[in-house]
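Please open the structure in your viewer and keep the selection tool at hand. The stops below go along the chain.

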Amino acid sequence: MELSANGEWFIPLVLGAVVLLAVVVALLVAKALVHVCRPNEVLVFAGRRHHARDGGSVGFRVVSGGRAFRIPLLERVERMDVSLLSVPMSVTGAYSLGGIPLTLQAVANVKVSSEPQVLGNALERFLGHGRTTVSEVARQTLEGHLRGVLATMTPEQVNEDRLTFANRLTEEAGEDLRQLGLQLDTLKIQHVSDERSYLDSIGRVRISEVLREAEVAESDAVRQAEEAEAVAHARARVAEAQAEARIQRHHHALSEQRAGLEAQARSAEERALAAAEEARAEAEKELQEVRAGLEELRLRADVIVPAEARRRAQELEAAGAAAAVAENGRATAESLSLVSEAWRDTGGHAMEMFVLQHLEELLGHVAGAASRVRVDSVSLLDSGDGSTLAGYLRAYPAAVAELLREVSSTLGVDIPAVLAGPREAPRPLAAEGPPRDSAEEAWS
């Protein structure tokens, strides 16, 4: 029972170990037989015959990139580096066209060609050799062609047109490198010189020419730059003027819009002011009406009522004064009536009585009138009888008598007759016309 139990778990374990071992062995075999090619190399499987693309037969096959399975015992795998090789070159005393020896340094970048038609040449020549061998073979080949190309070019061409020189060298060496299975990627001429200072003399002349050309070119460039600057300035001024014109147009349009808006605003403001003014006028009108009413009331209270009172008082006062005048008039009329009756009662001698009552006053006025006559100096011429002085002395009483006659003529009363006493009824001096009311004249 125990052995049977041990056999049941032992057999699967052994089988599993065998399978695992087989898998491990298979992986190791696969790892040993499968070869992976890196991007900068090619794998060469040698040992069996293969047909080439040109119809021939070769004893190897080439794998570029990817992986390949090696047949055990029948094939052998070799790796070949196809990465870039930098090949420095230096040639001294190589004669150029015209017999001028030159010294030249250059650098060429060379690699093993990956083209199937050329790769076979490289495998035949360099498989199993290091990169140094490939670089040395490439250098010797390029230097040989370098001398040949120098012989076809002048020192000036070599020095000035190095690209052409590099292209010619590539063309010359290309076929040989192809036969070697190599490929020239780039070639750079680093330095060109000569021991006889030929290039230096050419360089000096060339330098002067270059300087002169540079000066001319600089002058031309400056002139062109100035012309371009002037043109640019002109264009800038034109653009500026156009921009300024556009700005002015926009400003003008803006001004018009602003003016229109301001006009509308002013119109609205004026309408508002007019409405406000109208409202204010209406309010002022109402206020003035109220004020007029108040003023009317004030005038009535301050002026009209007092004026009416004064007028009433004046009327009353005038009525009183008129009453007094009327009474005085009536009194005067009555007195005049009494005087008239008394005048009629005198029998026509009322005037004489009146004159006698006022005789002294009349004589005073007559004497005053005579006394107002002034005589500054009198020259008398007497005829010798003394009558001149007497006549002059009688002139004053005569003047008084003449004045009395004038008064009598004026009053219509014979004053000397009245003074002489009653002889007969006085007769009026006026011959015609109604008798003058002497009393009324005397009162006047």
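What follows is a short tour of a predicted model.

Stop 1: Select residues 9-30, which an unreviewed UniProt entry lists as "transmembrane region". The span is 100% helix and 0% strand, and its end C-alpha atoms lie 32 Å apart.

**Stop 2: helices α2 and α5.** Next select residues 116-126, helix α2, together with residues 162-180, helix α5. Two packed helices are described by the angle between their axes and the distance between the axes. Here the angle is about 65 degrees and the axes are 6 Å apart. Angles of 65 to 115 degrees count as roughly perpendicular, so α2 and α5 are roughly perpendicular to each other. To see the contact, show the side chains of Val118, Asn121, Ala122, Arg125 and Phe126 on α2, and of Arg178, Gln179 and Leu180 on α5. By class, this contact has four nonpolar, two polar and two charged residues.

**Stop 3: helix α3.** Now select residues 131-150, helix α3. The helix has 20 residues and reaches 28 Å from its first C-alpha to its last, close to the 28 Å expected at 1.5 Å a residue. Which residues of α3 are buried? They are Val134, Ser135, Ala138, Thr141, Leu142, Glu143, His145, Leu146, Val149 and Leu150. What do the buried residues of α3 pack against? Their partners are the strands β6 (85-95), β7 (101-112) and β8 (182-193), along with α2, α4 (155-160) and α5.

Stop 4: Finally, select residues 211-300, where UniProt places the feature "coiled-coil region" in an unreviewed entry. This span is 100% helix and 0% strand, with its end C-alpha atoms 120 Å apart.

Conventions. Residues are numbered from 1 along each chain as its sequence is written. This is a predicted model: local features need pLDDT of at least 70, side-chain atom pairs count only at pLDDT 80 or more; totals for chains, interfaces and linings use all residues. Side-chain values use heavy atoms; hydrogens and water are left out. UniProt positions are given in the numbering used here, feature names are shortened, and annotations may be inferred rather than shown by experiment. Helices (H or I, at least four residues) and strands (E, at least two) are DSSP runs, numbered from the N terminus. Axes are lines fitted to C-alpha atoms, for helices over the stretch in contact, and angles run from 0 to 180 degrees between N-to-C directions. Angles under 35 degrees count as roughly parallel, over 145 as roughly antiparallel, 65 to 115 as roughly perpendicular and the rest as oblique. Contact means heavy atoms within 4.5 Å. Ala, Val, Leu, Ile, Met, Phe, Trp, Tyr, Cys and Pro count as nonpolar, Asp, Glu, Lys and Arg as charged, and the others, Gly among them, as polar. The expected span of a helix is 1.5 Å times one less than its number of residues. Buried means under 20% relative accessible area, exposed over 50%, partly exposed in between (1.4 Å probe, protein chains only).
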